[in-house]
Amino acid sequence: MATLKVPVHVPSPSDDAEQLRKAFEGWGTNEQLIIDILAHRNAAQRNSIRKVYGEAYGEDLLKCLEKELTSDFERAVLLFTLDPAERDAHLANEATKKFTSSNWILMEIACSRSSHELLNVKKAYHARYKKSLEEDVAHHTTGEYRKLLVPLVSAFRYEGEEVNMTLAKSEAKILHDKISDKHYTDDEVIRIVSTRSKAQLNATLNHYNTSFGNAINKDLKADPSDEFLKLLRAVIKCLTTPEQYFEKVLRQAINKLGSDEWALTRVVTTRAEVDMVRIKEAYQRRNSIPLEQAIAKDTSGDYEKFLLALIGAGDA
């Protein structure tokens, strides 16, 4: 006899908004209810909840969360509740500020998002900060970092799978010649990494490997303490194997003395709905321990519960 499938009831945005309102009322905050709702809704649902909440209660949901929550848990919930483009605009803006400046975060946003996602980030940045992301990056960086980062955030790469093998071969040679001469900031190096499609870059780097016997990132390790070279290696990793790049960020955040909660929060909230399944696989392969276990060991309380709920969600 066939078993009937009972349809799973998905609460409406107004149900969720009402429950969140209840979580804020009375003595103390019901953190578990907040986790149960927000960690289990996709970006479109979270946007609807924010809209409905504002209409029903005349208050901004984000402001209410800010008032009710604290510390790393607050930052994680706020970042995840934001629309992805708004979230990236916020992170990029922080990365151009004196006390939270980070060339790495700017690079990460420019290289791991699709062309349309990056375009949406730039639109959200205009709307929120009344400036362009490009001008802020140019203003807050200098020298070789500016030379690399401005074209990266300005890019609108082709997203298709088509590859020109002749071009891959010739550009692999250009890259090899420049790197051999230690001309790491040469215009041609910057042009290739900041404009070519990800598929084209992969083909070029495969050529590089087979023609010259070394992976490009190995050749870029000539001076392990050179910070610019570290960033350039990360650009290549982020463009070609993002899950490996994010695995490394997580590993360093977790293994750091005192752990780097900002990096942990950033990666989990920005990748939960993108490629978390692949990042978890990469983490398990590299560290012989599940990411869930590593996070549980390193965090506690509501912050731990929220992060674990997000990475449990996998590819949404």
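Predicted model: local features only at pLDDT ≥ 70, side-chain atom pairs only at ≥ 80, totals over all residues.
## Four domains

Let's start with the overall layout. The protein is divided into four parts: domain 1 covers residues 13–69, domain 2 covers 84–154, domain 3 covers 165–240 and domain 4 covers 242–311.

## Where domain 2 meets domain 3

Take domains 2 and 3 as a pair. Their centres, taken over C-alpha atoms, are separated by 22 Å. The contact draws on 13 residues from domain 2 and 16 residues from domain 3.

The size of an interface is often described by the accessible area that is lost when the parts come together. Here, domain 2 and domain 3 bury about 1300 Å² between them, and 76% of that is on carbon and sulfur atoms. Which residues of domain 2 lose the most area to domain 3? They are Trp104, Lys147 and Leu148, which together make up 41% of what that side buries.

## Leucine 229

Now zoom in on a single residue. Leucine 229 is found in helix α15, which runs over residues 227–240. Is leucine 229 buried or exposed? Its relative accessibility is 0%, so leucine 229 counts as buried.

Leaving aside residues up to four places away in sequence, leucine 229 touches Tyr184, Leu220 and Asp223. Tyrosine 184 is 45 residues from leucine 229 along the chain, yet their C-alpha atoms are separated by 7.7 Å.

## Glutamate 247

Glutamate 247 lies in helix α16, made up of residues 242–255. Why does glutamate 247 count as buried? Because its relative accessible area is 5%, which falls under the 20% cut-off.

Not counting residues up to four places away in sequence, glutamate 247 touches Asn287 along with Ile279, Ala282, Tyr283 and Arg286.

## Positions marked in UniProt

An unreviewed UniProt entry gives the feature "binding site" at Phe24, Gly26, Gly28, Glu68, Ile254, Lys256, Gly258, Ala296, Thr299 and Glu304. These positions span 281 residues in sequence and the farthest two C-alpha atoms are 38.7 Å apart, so they do not all gather at one spot. From this set, Lys256 is part of the lining of the largest pocket.

Glycine 28 sits in the loop between α1 (13–24) and α2 (31–38), and is partly exposed with a relative accessible area of 48%. Lysine 256 is in the loop between α16 and α17 (261–271), and at 48% relative accessibility lysine 256 counts as partly exposed.

How values were computed:
Residues numbered from 1 in each chain as written. Heavy atoms only, no water. Helix = DSSP H or I, 4+ residues; strand = E, 2+ residues; numbered from the N terminus. Buried < 20%, exposed > 50% of the residue type's maximum accessible area, 1.4 Å probe, protein only. Contact = heavy atoms within 4.5 Å. UniProt positions renumbered as here; feature names shortened; annotations may be inferred. 1 Å grid on protein atoms, 1.4 Å probe; cavity = no way out; pocket = protein on both sides within 12 Å on 5 of 7 lines; lining within 4 Å. Domains from an automatic or database assignment. Buried area = accessible area lost by both parts, 1.4 Å probe.
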